[in-house]
Amino acid sequence: MLLTVAQVVGGVFSGSLSLIADALHNFSDAASLLIALVAIRIGRKPADDLRSFGYKRAETIAALINLTSLILIGLYLILEAIKRFLSPEPVEGWTVVVVAGIALLVDVITALLTYAGSKHSMNIKAAFLHNVSDALASVGVILTGTLIIWYGWIWTDAAMTLIISGYVLWQSFREMPKVIHLLMEGVPEGIEIQDVARAMEEVEGVRGIHHVHIWQLDETRRALEAHVVLEDREKMDEIKVKLKEVLASTFQITHSTLEFEDNHCAH
């Protein structure tokens with residue numbers, strides 16, 4: 001928060017839009033980390049009567065909030081950069097370089113702290129992307145300040161703001177479909193329903209599979225429900241065990257609900 005205030009003050013004093021843009025990024029970083037940590041805490045709560053599958057999707061919702069905020073910030077910065085191109089303002093280069101250098105150090109440290117968790121969590125990955133985009137933005141702002149000092153190219157401030165905004169939007173729109181797919185209970189990536197049904201039908205005693213639904217409970221757990229037509233109901237328990245083994249070992253589906261039917265009532 002102190003860094004954000006320092007960057008805003010530095011941006012206003014120097015007249016640098018790109019430094020203010022970097023400040024908004026840093027503010028969104030702090031907010032994103034807070035949201036991510038709160039979501040992790042909520043996600044650890046066990047299942048109860050209100051949330052029978054547990055609270056892990058809180059982290060996915062947090063990722064959606066963070067990515068949405070990035071998109072809004074990116075669009076705002078593009079609008080401001082266009083205004084600055086139309087009405088250029090003087091920029092104090094040294095102030096830009098010094099403040100952005102401090103911001104870069106903080107951004108790199110924060111990004112390193114979130115990197116490991118970003119490999120396994122959409123939530124942490126969204127926060128990590130905030131940090132990476134901020135670090136790159138700080139590098140760009142330093143470059144801008146240097147060009148202004150050396151050559152007086154004040155237009156580079158607005159140009160760098162557009163570059164920062166474009167990168168933020170690209171990262172956000174690339175990650176957003178994954179988050180939405182999970183919230184929409186889409187079929188997990190790399191799984192075809194027909195392949196799952198075919199593998200289940202290969203289990204001895206299974207005559208057919210229909211009404212198959214597969215979705216992600218959260219980022220790590222996959223679920224399935226299906227109707228299983230049996231050749232012989234007396235072997236139902238044995239078949240159920242084999243089906244669950246196939247689902248877990250072949251497709252990493254660890255939560256399955258199976259409804260068994262006799263051949264004559266399959267339809």
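Reader: Is alanine 111 buried or exposed in this model?
Author: This is a predicted model, in which local features need pLDDT of at least 70, side-chain atom pairs count only at pLDDT 80 or more, and totals for chains, interfaces and linings use all residues. Residues are numbered from 1 along each chain as its sequence is written, and side-chain values use heavy atoms, with hydrogens and water left out. Buried means under 20% relative accessible area, exposed over 50%, and partly exposed in between, with a 1.4 Å probe and protein chains only. Because alanine 111 has 10% relative accessibility, this residue counts as buried.

Reader: How far apart are the C-alpha atoms of alanine 111 and asparagine 131?
Author: Alanine 111 has its place in helix H4, residues 93–118, where a helix is a DSSP run of H or I with at least four residues, numbered from the N terminus. Along the chain, alanine 111 and asparagine 131 are 20 residues apart, while the separation of their C-alpha atoms is 5.1 Å.

Reader: Where is leucine 162, and what is its relative accessible area?
Author: Leucine 162 is placed in helix H6. This residue is described as partly exposed because its relative accessible area is 30%.

Reader: Which element gives the most to the lining of the second largest pocket?
Author: A pocket is an open set of points on a 1 Å grid over the protein atoms alone, with protein on both sides within 12 Å along at least five of seven lines, and lining residues have an atom within 4 Å of a point. The second largest pocket is lined by 13 residues, and among those nearest its centre are Arg51 and Leu217. With three residues, the element that gives the most to this lining is H3.

Terms used:
Helix = DSSP H or I, 4+ residues; strand = E, 2+ residues; numbered from the N terminus. 1 Å grid on protein atoms, 1.4 Å probe; cavity = no way out; pocket = protein on both sides within 12 Å on 5 of 7 lines; lining within 4 Å.
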